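Please look at the model below before reading on.

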Amino acid sequence: MPAAKRDSPAAKRNYHHGDLRRALLDSAWRIVAEKGLAALTLREVARAAGVSHAAPYHHFSTRTALLDALAEEGFAGLDRAMGEAKAGPAAGGPAEVGQTPRPVDGADVMVRIGRAYVDFACAHPEQLQVMFRPRHHESEGPPPPALAEIGAQAYGHLADGVRVCQAQGLAPAGDPNELALSAWSLVHGFASLWNQGQLGALIPGPEQFARQRDQLLRNLQAGWQAAAATPAAPAAQMGSAPNAGVSQTI
């Protein structure tokens, strides 16, 4: 007896629930990649997956629930990429048995983490659309705990890299999250400009792209290192200079 076609009624009836959620998510990613986020609806996902219009509701009660599940997958992939980059080939393991472990270079750690962010974002622009979509809190509510947790975990790799740099005097002391925010703004902005086609004239090929990506990251870290090496100016003592205590304007 020939197998039922995927989009036939028999196929829809026989679709295993264990595979349905994965099929819906895969179909949703394809829709976002091919048509954009605005085209994503539960009805369209069902059509693309070859199941009934009611089938997605077994796993996603609303479009928001589907989007949150997609975003969680996206952040999980970014978390893996950044975590592997943070560990890196020079994470302290000996090159040979009995050899002294090589020290971790904070500047190299930050470049690896930032490079992983940019490369993931540029390789998966459809995931970036979903992960950082505007969220309407009044109608959609806050992100579910699992999504908030994996997002914070991915962001935490940047803060970890900053802490390594601070410990080695390669970044100014203080709240590492403030410096992580500057790093995030750099890598996310660069990747977004690339995904939107704004950098094509400036960066014509993959070699130039890689060189510019790494140079931006090293420039950022060099700025941190310069700030860390600059001694803090001593606090001015009252009456030690003319007009002491009088506010100055530019």
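F60 counts as buried because its relative accessibility is 2%, and the cut-off for buried is under 20%. This is a predicted model, and F60 is found in its loop between α3 (42-49) and α4 (63-87). What is F60 in contact with, leaving aside its neighbours within four places in sequence? The contacts are R21, L24, L25, L42, A65, L66 and A69. L24 lies 36 residues from F60 along the chain, and the C-alpha atoms of the two are separated by 9.6 Å.

The next topic is the nonpolar core. The largest such core has 60 residues. Those with the most contacts inside it are L40, L66, L70, L78, V130 and W224. At least two core residues come from each of several helices, among them α2 (17-35), α8 (145-167) and α10 (206-229). The helix that gives the most is α5, with 11 residues. L40 touches A28, I31, V32, V45, R63, L66, L67 and L70, when residues up to four places away in sequence are not counted.

Charged residues come next. The structure holds 13 salt bridges. One of them joins R135 to D68, with the closest N and O atoms 2.8 Å apart. This pair links distant parts of the chain, 67 residues apart: R135 is in the loop between α6 and α7 (137-140), and D68 is in helix α4. R135 is buried because its relative accessible area is 19%, and D68 counts as buried because its relative accessibility is 9%. Both residues also belong to a network of salt bridges that links D68, R133, R135 and E140.

Another salt bridge is formed by R213 and D214, whose closest N and O atoms are 2.8 Å apart. R213 is buried, with a relative accessible area of 10%, and D214 is buried at 17%. K35 and E44 form a further salt bridge, at 2.9 Å between the closest N and O atoms.

D79, in helix α4, is buried yet has no salt bridge. The nearest side chain of opposite charge is R80, 6.8 Å away. Not counting residues up to four places away in sequence, D79 touches I150, Q153, A154 and H157.

How confident is the prediction? The protein chain averages a pLDDT of 85, and 80% of the residues score at least 70. Confidence is highest in α4, at a mean of 97, and lowest in helix α1 (residues 9-14), at 43. Over residues 1-15 the pLDDT is below 50, and this stretch has 17 contacts in the model beyond near neighbours in sequence. Residues 235-250 also stay under 50, with four contacts beyond four places in sequence.

Definitions and conventions: Residues numbered from 1 in each chain as written. Heavy atoms only, no water. Helix = DSSP H or I, 4+ residues; strand = E, 2+ residues; numbered from the N terminus. Buried < 20%, exposed > 50% of the residue type's maximum accessible area, 1.4 Å probe, protein only. Contact = heavy atoms within 4.5 Å. pLDDT = per-residue confidence, 0-100. Lys, Arg positive; Asp, Glu negative; His and termini not counted. Salt bridge = Lys/Arg side-chain N within 4 Å of Asp/Glu carboxyl O. Core = buried A, V, L, I, M, F, W, Y, C linked by side-chain atoms within 4.5 Å.
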